[in-house]
Structures are given as C-alpha cells and as structure tokens.
Amino acid sequence: MKKLIIKASFLLLSLTVAVGCKKDIDDKFNNPENVLDPNLPGLFTGMLNNDRVAAKYWNVRTFLSQMPGVYAQTTYISNGNTIYQQSDSYSQQYWDDFYTPGGNGSGTVALYRAMEKKFNTLSSTDQAAQRVILQAAKVVMIEQAAKMVDLWGDIPYSEAGNLTAKDLIKNAKYDDQKALYISFISDLANAGTYFKTATSTAAFAKADILLKGDVNKWARYANSLRLRLLMRISKTDETTAKTAVLQMLSDQTNFPLVDGGNVGTYNPGSSDILLQPLTNNTNDLHDAFFEGSWYATDYMLNTLMVPANDPRIPVIYEKFGETINGKFVQNPTYRAMPNTFTTNEQETNWRKYAVLDSATFVFNIKLPGILITASEVNLLKAEAYERWGSTTDAKTAYDLGLKQSVAFYYYLNSVNPGAYTKADVPSTATVDTWVNASTASYGGTQTDKLAKIATQKWAHFGVLQSIEAWSEYRRTGFPVLTFPTNGKQVGFETPPTRLVYPAKEKTLNSANYQAVQAKDTRKTKIFWMP
C-alpha cells in the first residue's frame, strides 16, 4: 500500500496518464478548440464533457480532496503543517479550467460564449430550433459559475470570454458575488419556466450526454439548482430566499424538482442529475485515493455514523486490516483514525482503521459525476419547512432525504461492473430503525433539528461533493468540527473561509484585480456566510 506521503515520480507518472487519457467524443461533434465554425450541439457536448464534473483522477486528487474536502473534513489527508494552506498551482488550474478549454475541464465560459456568438448568427428558424440547447447550456454555465463564487467570491463573469464572444481582447472585470447570485437565481427561474413547456429535438437529444434531451429533467435540474442557491443565501437575504422557496414548495406542479418522486427507494440513475462515464471509460479513482485521501474521516464515521448504526457504512467504508503471519486479518469494527494523529502516527497506524469502499469509490469505473441528487433536494426542503413552515413537513422531507441517501450510495456500489463484492441493500426495517430510532432521528429543539438537517446533508455530500460540503459547512456551521492546530504553519493554523485568487490571475488581470484586492484574504467571508 502507498504511504500518505506521495513520491514525486509516481505523481509525475499519474499526471502523464491523466493528461493522456482525454475522453473521446463521437466524431459527429466538432471540436470547439480546433475549428473556425463550430456548431451549437458540438459546443454543448463539449461543455458537458467536463473533467471537473466527472469522477476523474486529477480533480479528485488535486482539488476536491486537497482543499474543500480538507476544509470540510469530508476527506482525510496527511496531517502536515501546511494542511490548511491552499495550493496555488492546483487552484490556478481549477480557475483556468472554468474559463478556457484545453486543461482538465471543458472551459465552460469559453464554450458558452462561443455558443452565444454562434446562436446570434443563426436564422430565426434555426434559433427557434436550437434555443433549447442554449438554454440548457446556460444552466450548465450557472452551476459551474456558482461554485466559482462559492470558492472565491467576486469573479470575472459578465465580461469573461470577450475574445470568444466579441473578438475583443479585454481583461474582464470582477463582478460582485451577490449580484451574480441574484442573476443566477433569476436566470434559473426563467430556465425552469422555459423547460416546463419546451420541446426536445433530435439534435438536442444527441448532443446532451447528461440528460439525453429530456426537457422535464432539465426543468427539474434548473429548479433544484435554484432551490440550492436560494437556500445558500438564506442566512444573509432571508426575505428573498423565503418568498421564492415557499412559492416553489407550495406549487411543485409548476416547479418540479429532482426529488426522486418523493420515494425513499427511488432509482438515482433515472432521477438524479448525474454525468455518467463514457462507455469506453476504463479509469477509476484508485490512484487519486491511494495518494492520500483513502482513509475514513474521524467525525463522519466515529461521531456521526457508527453511534447511529448508519446503514450507509458498508458501502462507504471498509473495515480494512493488517497482514499478520502472512494472513490478512480484518479489523473487528469500523473506526476512523483520529484527526489529531500526526503524520507519523498516521503512517504507523493506518492499517488499523477503515478506508473508503473499493466497490463504491476506489475501483469503480462507472462512478458518475454528481451534480444534484434527490437526497440533497429533500434536505433543502426540510430546512425550509423547519425555518418557515411546518415542522411536520420538515420531518417528512428529512426522513425521505435520509432514505434516499441510503438508496443513492447503494446505487453507486451496485453500478461497479468489476468483480467486487457488492453490498446487499439493507432491509426497509433496518433503514426505518436508523431514521426513526437512532441518533440521526429527527427531534429536539428547532436548533437541534436544523443541526441534524445540515449535518446529514454534509454527510451525504461526502468525498465526491466536497465543494458543496464546504459551502454548506460555512453557511450553516454544522457539523461542529474541530481542526487540529498544533504545529501548523503560522498564518495557516485553521482552514480558510474562501480561496485566495491564484497568482497568475492577479498578475495577468492586475488592473481589475485592484478593485477586489482588499477582499482577497483567506479569512474574508463569502457574502452568504452569516
């Protein structure tokens, strides 16, 4: 087994493989990086074919498990003295992948601006036929842009992609983060309304590698993403959030959501918004996890899951064990290394503790990219009902969210085509006992209930949705986590509240950076933080 400390030669080899293993898209789509006159369907496929969304080595290894996962404690890495220090090179790559194609992402901004430009050259007839593609692309753009705001705050947006859109060489200004969020929420409302009555087309269905041109799912996606963003701002702009969210929840005929049909034993593969791997994919995440984030996290397993006898444990973790006298001896129980362990203690004792499950996470070539799930949506509903409506409705949504999280993780476990032991789906009675008669059960004061909602949502996001986990942790303050500070580098004793802008961005866009420089500290709050 590989140690927590990564050998440089192995990392270089992994990087070479990651860069070399570009996903192949059918030749029917133009490559937007290499053609002078790309088409809308091809550009849209390029936007969706995003390694920052898919379950890919480089994103998990260098970003999700190294920064937001550590700051939210959904991943466990070597407890060195720079554990809370942002990697400028890796955050620079994430930043660049949002704006420009050619890296480990799709270049969401550049491709969307190219789509806008192309759309404006079409005849009115062609525009009518292809508007559905542009609307879907806008939802994709907003989902990624909202993450950028959640990570950095103010970002270049309205003027970003000028070279692509207007053949204009101009550095983009930074847009105000709250104004961006309000515009995202408004645009998503319009998208939800549009898709409610839109008609799919053959070209849309062919290009849409995410939802196969299903306009009902696009409506649900837009509305659910809007619900997420409204709840994200609800601690600092409660009036706006409350009014819009209660309207949505009281009229789900006009505002359908990704809610799994409000059934606990739903099918995530047909309901959730998941970017499935291409059929020729043969890569899994074992290198990403073995290089340091393979281990069970302390609060998640020891404090939250084990005391509740959480039925998700067998598909999220393995007990692991040690080889004694030539024979592998499994650990007797599920337990995680304490997060207070030093790097030396981790390297000496890690075999005695649980690790991520092989079938679900480590060797699963069918692991999808996760955009939004029914469990998240119902836990968002639960928070809204508890704060602004009926606690009875809140409990119903909370219980459903927990049951759907169980279904979701067993689904991930089941799709692995390899020869790994799959876990048996727990019985209804087992799940009901966890939901109704454990430390996870809904009850207590309103503060207690809201803490349970936030904590279970954090747990559901887990290792693969660490950006959302970190965002919700910063917004809600739950779960109540402790971070070891002994021996940490001066100025980096605790996790940040935001990422600082990458060095190259500050240099290349220096004139516009001056307007946001005063905010560019690791302890500046994102606007939605209370």
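Predicted model: local features only at pLDDT ≥ 70, side-chain atom pairs only at ≥ 80, totals over all residues.
1. The nonpolar core. The largest nonpolar core of the model comprises 163 residues. Within this core, the residues with the most contacts are Phe44, Phe184, Phe195, Trp218 and Trp294. Helix α7, spanning residues 124-152, gives the most to the core, namely 15 residues. As general background, nonpolar side chains in soluble globular proteins tend to be buried together.

2. Helices α2 and α6. The axes of α2 (residues 40-48) and α6 (residues 108-121) come within 9 Å, and the crossing angle is roughly 165°. Angles over 145 degrees count as roughly antiparallel, and α2 is therefore roughly antiparallel to α6. The crossing of these two helices, α2 and α6, is left-handed. On the α2 side, the contact is made by Leu40, Leu43, Phe44, Gly46 and Met47. On the α6 side, Thr108, Leu111, Tyr112, Ala114, Met115, Lys118 and Phe119 take part. By class, nine residues of this contact between α2 and α6 are nonpolar, two are polar and one is charged. Phe44, listed here for α2, is also one of the residues with the most contacts inside the largest nonpolar core.

3. Helices α11 and α12. A second pair is formed by α11 (residues 215-232) and α12 (238-250). The axes of α11 and α12 come within 9 Å and cross at roughly 150°, so the two helices are roughly antiparallel to each other. The crossing of α11 and α12 is left-handed. Helix α11 contributes Asn223, Arg226, Leu227, Leu230 and Met231 to the contact, while α12 contributes Thr240, Ala241, Ala244, Val245 and Met248. The residues of the contact of α11 with α12 divide into seven nonpolar, two polar and one charged.

4. Helices α20 and α21. For α20 (residues 391-414) and α21 (residues 428-436), the axes come within 10 Å and cross at roughly 135°. That angle makes α20 oblique to α21, because an angle must be over 145 degrees to count as roughly antiparallel. The crossing of α20 and α21 is right-handed. Residues Lys395, Asp399, Leu402, Lys403 and Val406 of α20 meet Val431, Asp432, Trp434, Val435 and Asn436 of α21. The contact of α20 with α21 has five nonpolar residues, one polar residue and four charged residues.

5. Asp259. This residue, Asp259, is found in the loop between α12 (238-250) and α13 (268-271). Asp259 has a relative accessibility of 6% and therefore counts as buried, the cut-off being under 20%. Leaving aside residues up to four places away in sequence, Asp259 touches Arg220, Gln252, Ala374, Val377, Asn378, Lys381 and Gln404. Arg220 and Lys381, both among these partners of Asp259, belong to the charged class.

6. Tyr473. Helix α23 (residues 466-476) contains Tyr473. The relative accessible area of Tyr473 is 18%, so this residue is buried. Residues up to four places away in sequence being set aside, Tyr473 touches Tyr71, Phe478, Pro479, Leu481 and Phe483. The C-alpha atoms of Tyr473 and Ala454 are separated by 7.8 Å, and the two residues lie 19 residues apart along the chain.

Notes. Residues numbered from 1 in each chain as written. Heavy atoms only, no water. Helix = DSSP H or I, 4+ residues; strand = E, 2+ residues; numbered from the N terminus. Buried < 20%, exposed > 50% of the residue type's maximum accessible area, 1.4 Å probe, protein only. Contact = heavy atoms within 4.5 Å. Axes fitted to C-alpha atoms, helices over the stretch in contact; angles between N-to-C directions. Parallel < 35°, antiparallel > 145°, perpendicular 65-115°, else oblique. Left-handed = near helix turned anticlockwise from the far one by under 90°. Core = buried A, V, L, I, M, F, W, Y, C linked by side-chain atoms within 4.5 Å.
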